[in-house]
Amino acid sequence: MTDSLSLLDAGQVRAALTYEALIPAMERALIDFSAGRVVQPVRASVAVPGGEGLLLLMPAVYGDVMGVKLLTYNAANAARGMPTYWTTVHLFRAETGEPLAIMDGAALTEMRTAAVSAAAARRLAPANARVLAVLGTGVQARAHVEALRTVRDFAEVRVWGRTPAHAAAFARDAGATAMEAERAVRGADVVVTATSAAAPVLRGAWLAEGALVLAVGSYGTASRELDDDAMRGAAVVVDSRAGAQAEAGEIVQTGAAIHAELGEVLAGTAALPRAHHVVFKSLGLAVEDVAAARLVWERRGG
C-alpha cells in the first residue's frame, strides 16, 4: 500500500466539497459520459446467498483517474437499528493504478446526487421557478433543498413525508412548509421525489405545465415513484440510457421514451425537451463518484 494513500471520513469529504464547485464538475462528467469519453459498464449487483444483502460495484475510468464505488445494501438492517447501506469510493491514478484515496461514500453520494439534480435544474427548470416541492424527508431530500437553492431563487419550499413528525422537523430545518403531497406538488415549478417508495407517490395529474420533476429515490425495475400519467405526459431525460433501460422502474414499467441523456442536453447536442413537463430520472453513475472523489482529493492537496 502506498504511503500517500488518503483515508477520508465523511467530515473530511464534506469539508472539501461545495455545491458551487461540485455542480460544474458533475456537468463536465455528464457531458464527457454522453460523449463517450468515459469507460463505464452498467453497475454489477451480487446477491449475498441466504440473506437479503446485495453488493454493488460501480467502476469507471475517467481521464487521469479511475475508481470504483463499493456499496452494500440490506433492507433488514433497518430492523437491526443499522443503516441499510454502507459505501466507500476508491480512487486510483489511471496511468499507473496507484491508489490515491479511499473515502466515505455516503457523504460523497449524497452531495453528488444533489449536485447532478441541480445541474439538471439549471438547464431544464423554468428560469423564473419560484416554488420547490420535495416528497421525502431523508438525507437526499435535505441535500436537494440545499443544492437546488444554489441554481434557483425559490420563494417557497414545500415538503411532504409519510411521517408527519419527520416532515415537520424537515420543514423547520429547511425553512419550508410541511403539507400533504398533492397540495405540495400543485403549482410547483420543481418537484423532487426522494423516497424509498416502491409504488408511486407522485401523480401526473398534480403537475403544473412546464414543471421539472427530479426523480432520484427509487431504484430497480420493480419500484417507481411516478405514476403512469406523470411519465406519459413527460419529456424524459436520464443520466444514462443503458442504466435507465435496465434499472429504472418508471421507464421499464411504462415503456416511456427517453428524450435524451442529461449530458447531451448540457452539451447542446440534444435539444431542450418540449412537453407538458420534464422528468429527469437519476440512477447515479460511477463517473459522478469518480469525478467527485477527484475533486475531494485535489482540494485536499492531491
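Leu 56 sits in strand β3, which covers residues 54-62; strands here are DSSP runs of E of at least two residues, helices are runs of H or I of at least four, and both are numbered from the N terminus. The model is a predicted one, so to speak of local features takes a pLDDT of at least 70 and side-chain atom pairs count only at pLDDT 80 or more, while totals for chains, interfaces and linings use all residues. Residues are numbered from 1 along each chain as its sequence is written, and side-chain values use heavy atoms, with hydrogens and water left out.

Back to Leu 56: this residue is buried, with a relative accessible area of 6% (buried means under 20%, exposed over 50%, partly exposed in between, using a 1.4 Å probe and protein chains only). Setting aside neighbours within four places in sequence, Leu 56 is in contact (heavy atoms within 4.5 Å) with Arg 43, Ala 44, Ser 45, Lys 69, Leu 70, Leu 71 and Tyr 219. Arg 224 is 168 residues away from Leu 56 along the chain, and their C-alpha atoms are separated by 20 Å.

Strand β3 runs antiparallel to β2, and four bridges join the two; a pair of strands needs at least two DSSP bridges between them to count. Ala 47 has Leu 54 in β3 as its bridge partner. The β2-β3 hairpin has six residues between its strands, and Gly 50 there takes a positive phi near 75°.

Zooming out, the strands belong to an open sheet of six with mixed pairing, in the order β1-β6-β5-β4-β3-β2. At the edges are β1 (6-8) and β2 (44-47), each pairing on one side only. From one strand to the next, the twist averages 15°. Elsewhere in the sheet, β5 (residues 85-93) and β6 (residues 99-104) pair in the antiparallel sense over five bridges, and Thr 88 stands opposite Asp 104 in β6.

As for the helices, α3 (residues 105-124) and α11 (residues 286-299) pack at about 110° with axes 10 Å apart. The axes are lines fitted to C-alpha atoms over the stretch in contact, and angles run from 0 to 180 degrees between N-to-C directions. That makes α3 roughly perpendicular to α11 (65 to 115 degrees; under 35 is roughly parallel, over 145 roughly antiparallel, the rest oblique). On the α3 side, Leu 108, Thr 109, Arg 112 and Val 116 meet Glu 288, Asp 289, Ala 292, Ala 293 and Val 296 of α11.
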